[in-house]
Amino acid sequence: MTEPVKASWCEIYPDRIANNLKIGLDLIPPETGFCAVLKADAYGHGINAVVPVVMAAGVNHIGITSNAEARAVRDAGFAGNLLRLRSATPVEIRDALQDRVQEQVSSPEAAQIFAKLAQEGHPNPGLHLALNADGMSRDGLELSTAEGQQACLRILDLVGGHIAGICTHFPSNTPEDLRHSDQRFQADVSWVIEHSRLKRTDVLVHAGSSLTLGSRQPVTTDMYRCGALLYGIINRELGFRPTIELKAHITNVGSYPKGSTIGYDRAVTLDQPRRLANVSLGYANGFGRDSFGRGEILIRGQKVPILGKISMNTIIADVTGLTEVQSGDEAVVFGQQGQECIDIVRSEHQFRTIMADLFVDWGGRSPRVYLPGTASC
Ligand SMILES: *Cc1c(COP(=O)(O)O)cnc(C)c1O
């Protein structure tokens, strides 16, 4: 039996990921490491397909969040450092031992779990002490309070010998914010070093994501952890290009007279006769309902508006004047067709969210097709 024909699909371009990665690595300062962030199934791209790209570039740190992702990375043959970029539940921690996941620790409760596992004889692949440093208040230990300092000392007492890294995550990447966050993080790291037997040269101090790197504001870090740049959704001027295109097919074309209402709740009424095309995707495939009144799609190399409320598996495009449009034509939601392009600016405006959210959504909601080539609009 052949594969069923796809209604909507994500075209994924691993060669573009490789290209983006190369541009990213070239921006990394000397003596500084790089962690490729493949959480959320590699931002919707399919982690199995992205691990080989990252390995081919010699990257030896990969960041994930779920145990399923950790397993996929190991199954793909990656033997390097595998970091979880959030705290984990006790059950997750125990389950992830087999995949040698380096966990974050930011509470004495978590430290107790790691100490117990060590007592049971489980080797520890290295822990990362997560600091709040400057304002995410997510998974990080706050060191500005006496309570936080006590907690830190307790953690160091319990698992100081397993600490391989000290990390934080910046909440904002404006140059001014970064200068402040960087100072705060360095001060916190110094406090930890002074109050422990850790040597600064033995621990990997890491902070900074794609936006930090793209900001060109230098921060003190031994390693940047980057996801967005791999998928081309930052700093277009530096050469990064998006790595997913979302497509579907025209299923039907029909003519409707002036006064016809369109879609659910009759939200739109035609002010003149129009030719309308049905396209084979809707909110179930990531064409968000929020795009009402702002939607555009490429058909026959032209941008055409989407009319009416978005249905579950169908949208309605105004193809008046495009006389050749017929059932089976390709329609592009994001990406290039002919000389035209629906780009990041357009898509983020239309769907009222950021590209990372869209890629994760699209990749999870439509089948993925992997194609060669680096050219993109
Ligand atoms: C997601 C994440 C990153 C990567 O962020 P990008 O903006 O995609 O580069 C880095 N560090 C942590 C802790 C993260 O959660």
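Buried means under 20% relative accessible area, exposed means over 50%, and partly exposed lies in between (1.4 Å probe, protein chains only). This is a predicted model, in which local features need pLDDT of at least 70 and side-chain atom pairs count only at pLDDT 80 or more, while totals for chains, interfaces and linings use all residues. Residues are numbered from 1 along each chain as its sequence is written, and side-chain values use heavy atoms, with hydrogens and water left out.

**Whole chain**

Select the chain. Of its 377 residues, 50% are buried. The C-alpha trace spans about 80 × 50 × 40 Å along its principal axes. Colour by secondary structure: there are eleven helices and 20 strands, where helices (H or I, at least four residues) and strands (E, at least two) are DSSP runs numbered from the N terminus. Among contacts in the chain with a separation of 6 or more, 67% are between residues 24 or more positions apart; contact means heavy atoms within 4.5 Å.

**Helices α1 and α3**

Select residues 14–27 for α1 and 47–56 for α3. Their axes come within 10 Å and cross at roughly 40°. Angles under 35 degrees count as roughly parallel, over 145 as roughly antiparallel, 65 to 115 as roughly perpendicular and the rest as oblique. Axes here are lines fitted to C-alpha atoms, for helices over the stretch in contact, and angles run from 0 to 180 degrees between N-to-C directions. Show side chains for Pro14, Ile17, Ala18 and Leu21 of α1, and for Val50, Val53 and Val54 of α3, which make the contact. By class this contact has seven nonpolar, no polar and no charged residues. Ala, Val, Leu, Ile, Met, Phe, Trp, Tyr, Cys and Pro count as nonpolar, Asp, Glu, Lys and Arg as charged, and the others, Gly among them, as polar.

**Lys39**

Next, select Lys39, which lies in helix α2 (residues 39–43). An unreviewed UniProt entry lists Lys39 for "modified residue: N6-(pyridoxal phosphate)lysine"; UniProt positions are given in the numbering used here, feature names are shortened, and annotations may be inferred rather than shown by experiment. Lys39 counts as partly exposed, at 27% relative accessibility. Leaving out residues up to four places away in sequence, Lys39 touches Gly63, Ile64, Thr65 and Glu69.

**Helices α6 and α7**

Move to residues 108–119 (α6) and 146–159 (α7), whose axes come within 9 Å and cross at roughly 5°. The two helices, α6 and α7, are therefore roughly parallel to each other. On α6, display Pro108, Ala111, Gln112, Phe114 and Ala115; they meet Ala151, Arg154, Ile155, Leu158 and Val159 of α7. The contact of α6 with α7 has eight nonpolar, one polar and one charged residues.

**Residues 243–371**

Select residues 243–371, listed in the unreviewed UniProt entry for "domain: Alanine racemase C-terminal". This span is 15% helix and 40% strand, and its end C-alpha atoms lie 10 Å apart.

Pick Arg300 in the loop between β15 (296–299) and β16 (302–307). Arg300 has a positive phi of about 50° although it is not a glycine, and is partly exposed at 38% relative accessible area. Most residues other than glycine have a negative phi.

Arg352, in the loop between α10 (344–351) and α11, also has a positive phi, near 55°. Its relative accessible area is 48%, partly exposed.

End at Asp357 in helix α11 (residues 355–365), which counts as partly exposed at 40% relative accessibility. Draw a distance from the C-alpha atom of Asp357 to that of Cys10: 14 Å separates them, although they are 347 residues apart along the chain.
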